[in-house]
Amino acid sequence: MPFAPEYRPSQVHAALGEDFFDRVAPARFPRQILRYRNQRWAEALGLGPLSEAEWLQHFAGFAPLPGSFDTPLALRYHGHQFRQFNPQLGDGRGFLFAQLEDAQGRLLDLGTKGSGQTPWSRGADGRLTLKGGVREVLAASLLEAQGVDTSKPFSLVETGEQLVRGDEPSPTRSAVLVRLNHSHLRIGTFQRLAYRRDEAGLRALLAHCLRHYLPEAQGAEGEEAQALAFLQAVMRRVARVGGQWMAAGFVHGVLNTDNINITGESFDYGPWRFLPHYDPGFTAAYFDHGGLYAYGRQPQTLLWNLARLAECLLPLAPLEKLEAVLDGFAGCFGTAWSAAWLKRLGLRPRGSEADMELVATLEKFLQQSQAPFEQAVFDWQGGLLSEARAARSPSAVHYGSEAFAPVHALLTRYDAENPARLEHTYFRRARPVTLLIDEVEALWAPIAEHDDWSLFEAKMAEITLLREAG
């Protein structure tokens, strides 16, 4: 196979031992039709030269990548699902297919979704609908373009099976997705060991995470110090991605503990939504009747999940010291929240208190006015440098209101981080790229009805334009 010099295979996860995974065989699919290939990330990892046939051989047939795992690994974990503990979890329709290193030596996972049954499938078919795969490609691509720490959609292949699902018209088309993550180790991975009272496994997993994933936590001496440094590092990363979600107007939908990884990347996109308007109570999942994972509750949900991780570390560190680490979450999140907002607006930070005042004032305006969320971010890119653009916006009426006056006053104190960015083609548009639910349904309809992918391709081109705008 033609791999580039950037190709650096790894199989570090196997060193954890057989108790952390099950070796599984991938499903065999009747058809393999390539629907999406992330050539940009393929080039970065040395997989760019693969022909389409070779790509399908590895990312639909799952022929092993040389130097990585001989057989896929279905990972074992537990977790809280809507705050109910479930010890029957694990990779039920996916597996860890391969590991690679990037140019900086950072470990990366190629994981799957829809690749067949495993010992953790619990009677399910282990498959993914094509619509589910398309939705994940869209969500992860837009979040990456917006600066969110997220998994990257790597490959989507339609597989030719007819699936029956209760939440969409059936039978429906099937697919297998490959995503690129920094890690698939989750809070739920630690919960499984705590549930089993496996302190030897806990120590081994902690050492593995410190060695391979959390360089900022390395150097702590002694078991207690290492556990506290680990929790601190995970907390900071999780707070950061939570702040990024809020600035993106993104609602993950299912923030169970098995969906929070220790490297703080957003992943496993199911019933996600982007906000049409600022609404703390906005939910993504139709089955989240109580709004547990609503937009405005995401920060407290992340803290609740981190508390479950801290509980797992009790054999290694005292409760009061673990709690003291988590007491810092509010400060970490506040800093991450304001930093993410300023990055999205393209503004140079002025200091924590000033930045938080600006963001809080902007969010108050968005909630009061119900101005379109993403349009406002787009219109005020670079602050007052975009005042003329904003005056021509479809949302201009909102910016002349009394409610916007406090935002405008604070923007006078800010400079654009990169004024030249506003010269990019993306900012000559009248509207930003968005992925509201109606838009997703509209681009899916021609795929379902006529196998017409033109709207999907057009949306992906818009997302690429946003990413290239920097």
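Predicted model: local features only at pLDDT ≥ 70, side-chain atom pairs only at ≥ 80, totals over all residues.
Colleague: What makes you say the pair links distant parts of the chain?

Modeller: Look at where the two partners sit. Asp-19 is in the loop between β1 (9-10) and β2 (21-23), while Arg-76 is in the loop between β4 (73-75) and β5, and they are 57 residues apart.

Colleague: Is Asp-19 buried or partly exposed, and what puts it there?

Modeller: Partly exposed, because its relative accessibility is 27% and buried needs under 20%, exposed over 50%. Arg-76 comes in at 17%, which means it counts as buried.

Colleague: Which residues are linked with Asp-19 in a network of salt bridges?

Modeller: Asp-22, Arg-76, Arg-192 and Arg-196 are linked with Asp-19 that way.

Colleague: How many salt bridges does the structure hold?

Modeller: It holds 29. One of them joins Arg-35 to Asp-451, at 3.2 Å from N to O.

Colleague: Why say that Arg-35 and Asp-451 tie together separate parts of the sequence?

Modeller: Because Arg-35 lies in strand β3 (residues 33-37) and Asp-451 lies in the loop between α15 (437-450) and α16 (454-468), 416 residues apart in sequence. Asp-451 has 37% relative accessibility, so it is called partly exposed.

Colleague: And why are Arg-308 and Glu-311 described as about one helical turn apart?

Modeller: Because they are three residues apart in helix α7 (residues 298-312).

Colleague: On to the domains. How is the protein chain divided?

Modeller: Into domain 1 (12-184), domain 2 (220-335) and domain 3 (346-435). The centres of domain 1 and domain 2, taken over C-alpha atoms, are separated by 23 Å.

Colleague: How many residues of domain 1 and domain 2 are in contact?

Modeller: 27 residues of domain 1 are in contact with 35 residues of domain 2. About 2500 Å² is buried between domain 1 and domain 2, with carbon and sulfur atoms giving 56% of that area. In domain 1, Phe-82, Arg-83 and Asp-149 lose the most area to domain 2, together 30% of what that side buries.

Colleague: What does Asp-149 form with Arg-240?

Modeller: A salt bridge: the closest N and O atoms are 2.9 Å apart, and the rule asks for within 4 Å. The count between domain 1 and domain 2 is three salt bridges, and 17 residue pairs are in polar contact across that interface.

Colleague: Which elements give two or more residues to the side of domain 1 that touches domain 2?

Modeller: β5 (79-81), α3 (130-145) and β11 (172-181) do. Of these, α3 gives the most, with six residues.

Colleague: Why is Asp-258 called buried?

Modeller: Because its relative accessibility is 8%, against a limit of under 20%. Asp-258 lies in the loop between β12 (250-251) and β13 (273-274), and an unreviewed UniProt entry lists it under "active site". Residues it touches, beyond four places away in sequence, include Tyr-77, His-78, Arg-186 and Phe-267.

Colleague: What makes Ser-393 buried?

Modeller: Its relative accessible area of 9% does, so Ser-393 falls in the buried class, which means under 20%. Ser-393 lies in the loop between α12 (387-391) and α13 (396-399). Its side chain makes a polar contact with the side chain of Gln-375 at 3.4 Å, and the limit there is 3.5 Å.

Colleague: Last one: how do you know that Val-359 is buried?

Modeller: Its relative accessible area is 1%, and under 20% is the test. Val-359 is found in helix α10 (residues 352-369), and among the residues it touches are Trp-337 and Trp-341.

Key. Residues numbered from 1 in each chain as written. Heavy atoms only, no water. UniProt positions renumbered as here; feature names shortened; annotations may be inferred. Helix = DSSP H or I, 4+ residues; strand = E, 2+ residues; numbered from the N terminus. Buried < 20%, exposed > 50% of the residue type's maximum accessible area, 1.4 Å probe, protein only. Contact = heavy atoms within 4.5 Å. Domains from an automatic or database assignment. Buried area = accessible area lost by both parts, 1.4 Å probe. Salt bridge = Lys/Arg side-chain N within 4 Å of Asp/Glu carboxyl O. Polar contact = N/O pair within 3.5 Å; in protein donor to acceptor, adjacent residues only side chain to side chain.
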